[in-house]
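Here are my notes on the model, point by point. Please read them with the structure open.

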Amino acid sequence: MSSLRPDLEVIARHIPAGARVLDVGCGDGSLMAALRDGRGVDARGLELSPEKVELCVSKGLSVIQGDANRDLAEYPDGAFDYAILSQTLQTAERPDLMLEQLLRVGRQAFVSFPNFAYWRMRLSLLANGRMPVTPHLPVSWYETENIHHLTIADFRALLAEKGVKTEGCWFFAHDREIGSTGANWWAEHAVFQLSR
Amino acid sequence: MATILTSTSAKLTLPHALPLDSGQALEGVEIAYETYGDLSAGKDNAILIFHALTMDQYVANPHPITGKPGWWSQSVGPGLTIDTDRFHVICANVIGSCMGSTGPASLAPDGQPFGMRFPVITIRDMVRAQVALLDALGIECLHAVIGGSMGGMQALSFAANFGERAQRVLAIATTARHSAQNIAFHEVGRQAIMADPNWQGGAYYATGRAPDAGLAVARMAAHITYLSEAGLTDKFGRRLQDRASKSFGFDADFQVESYLRHQGISFTNRFDANSYLYITRAMDYFDLAEEHGGMLADAFAGTKARFCLISYDTDWLYPTAESRNIVHALNAVAAPVSFVELSAPYGHDSFLLDVPAQDRVIKGFLE
């Protein structure tokens, strides 16, 4: 599993063998394949791009092409032990509703997202007065898929408002895990493990 | 592709009467089928391909009447998507059809053609007949069942009724039930056939007159549903057929008219009108949920097979929503299912045409 992105690797590490998992926005299926091959996890995926679904199917993965904004509603309650949403929350039409769906179809959820309060973002916005374009968020404001930028503090506030429990959280800068102190300043992205 | 693949054309007479959904049973049912590629010693590399309404067992080799390439010859063959060097591919003519399997043109026990005395059959009856073929061939479990359109209905029916006999189920451009619109188009076709005086209540076989005009109209109407508006516009537009201006008459002025007439007439050379009535009826009766207490998910409860569904964005006959409906039912019973909507301009017929993405998905799914 060493080839996985660090946030995905954290998620993979915390999913027990044999679990049933839904990877929402599973991309090319690398996390699903790692979970299946590494620990016999029964992984299913949901992905918008037909080309990526094709890739997943060719890896023997079970992936449905669809739009998480609508199609999560079609899964039964508690169908999965874990629902995973990695780097997708900020692209959702309604991140709050998507969070509810994740915790409806999964007993627990893993959510990862880029932290807009990362110090370089703050500095860039302060100094230039323009929406930051960074290696981690490289697309200009007018064409980015990230329509709901958020910070770690925003996310924690949403969890509190929804009464969602944090089972664990991990923070990353320059693709390396960092401590939780001052994470809202120092972390480029975050992973949360959540439950109801 | 002009190459002729090594294949076996065979005909099996079922040793037992075939029970039908109507409550009747058919004695002495014959099933004509083709096979490609070797069956492994363990009999575990077989793929059963189900054909669509007007197709037949000639999936990869040229059609014996028209001489045209097999209907899926670009995808079935040595080294192709469905690789006959690896897989033993079986394709059987459905019962009710007219290419060698028992249908309304076959002789009834009294030595006369069945005609309308042939019992009304269902998709499940077609599948039962092919399961009987598998029994005769000693094939317990298939590597995969594959079908598009009506073939997809058979694949789904196979999964619902004989699910333990296939490891993979691939259903393309299909539906779990015929909609009012689907039934309506079929009824237009049937009425065209039955309104033809040459139909003679279906007893036309010995009269030297067949309802070709009616069957041609049925085919023309159906053919429109297999294409997309954009596809028709692209192919024909309002272009005129071999003339500089409109004739102010009712000849085939437009290319699209000429094309449809040709489609209709050439169809009558290879298809029996009564078969068209019976097979369209079977499709109209198809409602997989109804067979399982109204819950489509129950049709697939306990299935161990992996599923893959493919739809096309320009298919308005069995639109993507129909495939999603099936996917949701499979999700509800936690069946491993993949689904993708592919983009192609050709409408429902896309699944028969050169769509590289479809080949990639099928190839991946069969691994």
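1. B:His328 sits in helix α9 of chain B. Helices here are DSSP runs of H or I with at least four residues, strands are E runs of at least two, and both are numbered from the N terminus. B:His328 is partly exposed because 19 C-beta neighbours fall inside 10 Å. The cut-offs: 20 or more other C-beta atoms within 10 Å of a residue's own make it buried, 12 or fewer make it exposed, and partly exposed is in between, with C-beta atoms placed from the backbone. B:Tyr205 is 123 residues from B:His328 along the chain, and their C-alpha atoms are 46 Å apart.

2. A word on conventions. The model is predicted, so local features need pLDDT of at least 70 and side-chain atom pairs need pLDDT 80 or more, while totals for chains, interfaces and linings use all residues. Residues are numbered from 1 along each chain as its sequence is written, and chains are lettered from A and ligands numbered from 1 in the order in which they are written.

3. Strand β11 (residues 306–312) of chain B pairs with β12(B) in the parallel sense, over six bridges. Pairing requires at least two DSSP bridges between the strands. B:Cys308 is opposite B:Ser338 of β12(B). Strand β12 (residues 337–342) of chain B is mostly covered, with five of its six residues buried.

4. Chain B is assigned two parts: domain 1 (7–179 + 287–366) and domain 2 (182–280). These bounds come from an automatic or database domain assignment. The centres of the two domains of chain B, over C-alpha atoms, are 25 Å apart. Domain 1 of chain B puts 26 residues into the contact, and domain 2 of chain B puts in 22. Contact means C-beta atoms, placed from the backbone, within 7 Å. On the domain 1 side of chain B, 14 of these residues are nonpolar, eleven polar and one charged. The classes: Ala, Val, Leu, Ile, Met, Phe, Trp, Tyr, Cys and Pro are nonpolar; Asp, Glu, Lys and Arg are charged; the others, Gly among them, are polar.

5. Chain B overall has ten helices and twelve strands. Its radius of gyration is 20 Å, close to the 21 Å from the globule rule for 367 residues, so chain B is as compact as a globular protein of that length. That radius is taken over C-alpha atoms, and the rule is 2.2 Å times the number of residues to the power 0.38. The C-alpha box of chain B is roughly 65 × 50 × 45 Å along the principal axes. Of its 367 residues, 51% are buried. Among chain B contacts with a separation of 6 or more, 71% link residues 24 or more positions apart.

6. Two backbone angles in chain B deserve a look. Most residues other than glycine have a negative phi. B:Lys43 has a positive phi, near 55°. B:Lys43 lies in the loop between β4 (30–36) and β5 (46–50) of chain B, and is partly exposed, with 15 other C-beta atoms within 10 Å. Phi of B:Asp242 is positive too, near 50°. B:Asp242 belongs to the loop between α5 (229–235) and α6 (255–268) of chain B. B:Asp242 is exposed, with 9 other C-beta atoms within 10 Å.

7. Chain A contains eight helices and eight strands. Its radius of gyration is 16 Å, in agreement with the value near 16 Å for a compact globule of 196 residues. Its C-alpha box is roughly 50 × 35 × 35 Å along the principal axes. Buried residues make up 43% of chain A.

8. Which residues of helix α5 (residues 95–105) of chain A are buried? They are A:Pro95, A:Met98, A:Leu99, A:Gln101, A:Leu102, A:Leu103 and A:Val105. Their packing partners in chain A include β1 (20–24), β4 (80–86) and α7 (152–162).

9. Last, the contact between the chains. Chain A supplies 14 residues and chain B 20. On the chain A side, α3 (50–58) and β3 (62–65) are the elements giving two or more residues. Helix α3(A) gives the most, with five. By class, the chain A side has eight nonpolar, four polar and two charged residues.

Methods: Two residues are in contact if their C-beta atoms, placed from the backbone, lie within 7 Å.
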